[in-house]
Each structure stands twice: as C-alpha cells, then as structure tokens.
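Here is a short report on one protein model. Please look over the sequence and the structure before reading on.

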Amino acid sequence: LSEASAKSYPYVAALARATGADITIVYADEYERPVAHESGDIALLLDHINTVREQLLAESTVRLAGWDLPADVERLPGRAADVIVQEAVRLDADLVVVATHGERGITRLLAGSTCRRVLRTCPRPVLVVPARAEPELNEVPRFDSVLVTTDFSVDSERGVAAAVSLAATLHAALDVVTVIDIPTILMTVTGAARFQITPEWR
C-alpha cells in the first residue's frame, strides 16, 4: 500500500490487459487488529490503522478499475513474504508482481527484504518493480522490448523460456544477453613484455 507498491500498478495493468489475466491484490497484516481486551487508547489507534489500510486497499482497486481492470483483494494475517508465496501457490498464479522499497542500512538489516524472500522461496515467476522505477502512474505503459540474461545453466534456460513467452504475448522485441567474465591473467616471459588481460576486456 506504499508509494513504491503503487509504481507496480501500471505494469500490472499492462500485463493484465495484454494477457487477459485476473488480478488479485494481496495484503499481509503483519500487525494484529484490535481485540476486545486492548486498553481504550491502543484499541482506538489500532482501529484507526485498520481503517486507513481498508481505505488504501479500496483506492488500489479503484485505480485499476479506472483502467477497466477489476481486481480481487486478499487481506491475510502473517509475514508479508510468506503470505505472498502462500497465495501465489493457492491461486496458481502465472506471475507475481512485487515492488522494492529501496531500504538501506539498518532498516534492511533489521526488517529484511520481503522482495528477496519472495524471490528465494516463490515457485512462480516473479516480476520485480524497483523503487527507482518512474512509470507514468496514470497511464498503462507499452512494452516494446524484453531483456533476458542467461549463463546457459538449466535455471537460466527457464528464465529465457519465460521471457520468450512474455515477449510473444506482448508483441515485443526480445534481447538476450550473456556476460563472460574473463579472469585477470598475468603472464611474465623472460625477455618479453608483460601482458595483462582484465575483466574490463569483455
């Protein structure tokens, strides 16, 4: 429900429009809702937080509805990464879209990265929208090209296959990139010059 999350909506809209996919917004309640035995002030505060969350979720669906894209909302208790992966499996999602918040320093150390946990544990393809992305929030973007990297491993082959399918669906160009790291080699030959090959010579 953050500003960073809002940056993912245009991309979600573009993909859903191109594929006809259903959209489900998943929100994890990592904090408890008000309970009867809470003291008055705490209960009021938690109730206010709950109301704000409901308003933000409603605004999210309204934004997508403005693009003629209805969305279901799932609000569940639990750790964000766990809830996202659980729902991705339950819904048999074709794609999971998450946004990064660009945490740095102690915040990232203590809170960890939801995005990284999802990438590590989710069995479904994941699209990450970085905090530095600057989409036009009121327009659905057009995908003209898809870039995929490969190191020719079995894992990367699955990524290439997904990228090929995505590019075909979006009628976009597909660029495949591989990077070969050339280790630094220092050769010294008696009576000859010294040659050095560095990783910059790629």
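## Helix α4

Which residues of α4 are buried? They are Ala80, Ala81, Val83, Ile84, Val85, Glu87 and Ala88. These buried residues pack against β1, β2 (71-77), β3 (96-99) and α6 (114-121). After α4 comes Asp92, with a positive phi near 55 degrees.

## Confidence

This is a predicted model. The mean pLDDT of the protein is 79, and 79% of its residues reach 70 or more. Confidence is highest in helix α4 (residues 80-90), at a mean of 94. It is lowest in strand β8 (residues 195-197), where the mean is 46.

Residues 193-202 have a pLDDT below 50. In the model this stretch makes 23 contacts beyond near neighbours in sequence. Where pLDDT is low, the predicted coordinates should not be read in detail.

## Nonpolar cores

In soluble globular proteins, nonpolar side chains tend to be buried together. Here the largest nonpolar core has 13 residues. Ile23, Leu64, Trp67 and Leu69 have the most contacts inside this core. Three elements, α2 (9-19), β1 (23-29) and α3 (40-65), each supply at least two of its residues. The largest share, four residues, comes from α2.

Take Leu69 as one member. Setting aside neighbours within four places in sequence, Leu69 is in contact with Ala13, Ala16, Arg17, Ile23 and Leu64. A second, separate core has ten residues. Among them are Ala81, Val96, Cys115 and Val118.

## Salt bridges

How many salt bridges does the structure hold? There are seven. One of the pairs is Glu74 and Arg90, whose side chains meet at 3.5 Å, N to O. Glu74 lies in strand β2 and Arg90 in helix α4, so the bridge ties together parts that are 16 residues apart in sequence. Glu74 counts as partly exposed, because its relative accessibility is 24%.

Asp92 and Arg124 form another salt bridge, at 3.1 Å, N to O. Asp92 lies in the loop between α4 and β3, and Arg124 in the loop between α6 and β4 (126-129), so this pair ties together parts that are 32 residues apart in sequence. Asp92 is exposed, with a relative accessible area of 51%. Arg124 is partly exposed, with 22%.

Is Asp155 buried or exposed? Asp155 counts as exposed, because its relative accessibility is 52%. Arg158 is exposed as well, with a relative accessible area of 53%.

Elsewhere, salt bridges with shared partners join Asp29, Glu54 and Arg75 into one network.

Which strand is joined to β5 by five bridges? The partner is strand β6 (residues 173-177), and the two run parallel. With helix α7 (residues 154-170), β5 and β6 make a right-handed β-α-β unit.

Conventions: Residues are numbered from 1 along each chain as its sequence is written. This is a predicted model: local features need pLDDT of at least 70, side-chain atom pairs count only at pLDDT 80 or more; totals for chains, interfaces and linings use all residues. Side-chain values use heavy atoms; hydrogens and water are left out. Two strands pair if DSSP finds at least two bridges between them. A crossover is right-handed if, with the strands pointing away from the viewer, the path from the first strand over the helix to the second runs clockwise. A nonpolar core is a set of buried Ala, Val, Leu, Ile, Met, Phe, Trp, Tyr and Cys residues joined through side-chain atoms within 4.5 Å. Buried means under 20% relative accessible area, exposed over 50%, partly exposed in between (1.4 Å probe, protein chains only). Contact means heavy atoms within 4.5 Å. pLDDT is the predictor's confidence in each residue, from 0 to 100. A salt bridge is a side-chain nitrogen of Lys or Arg within 4 Å of a carboxyl oxygen of Asp or Glu.
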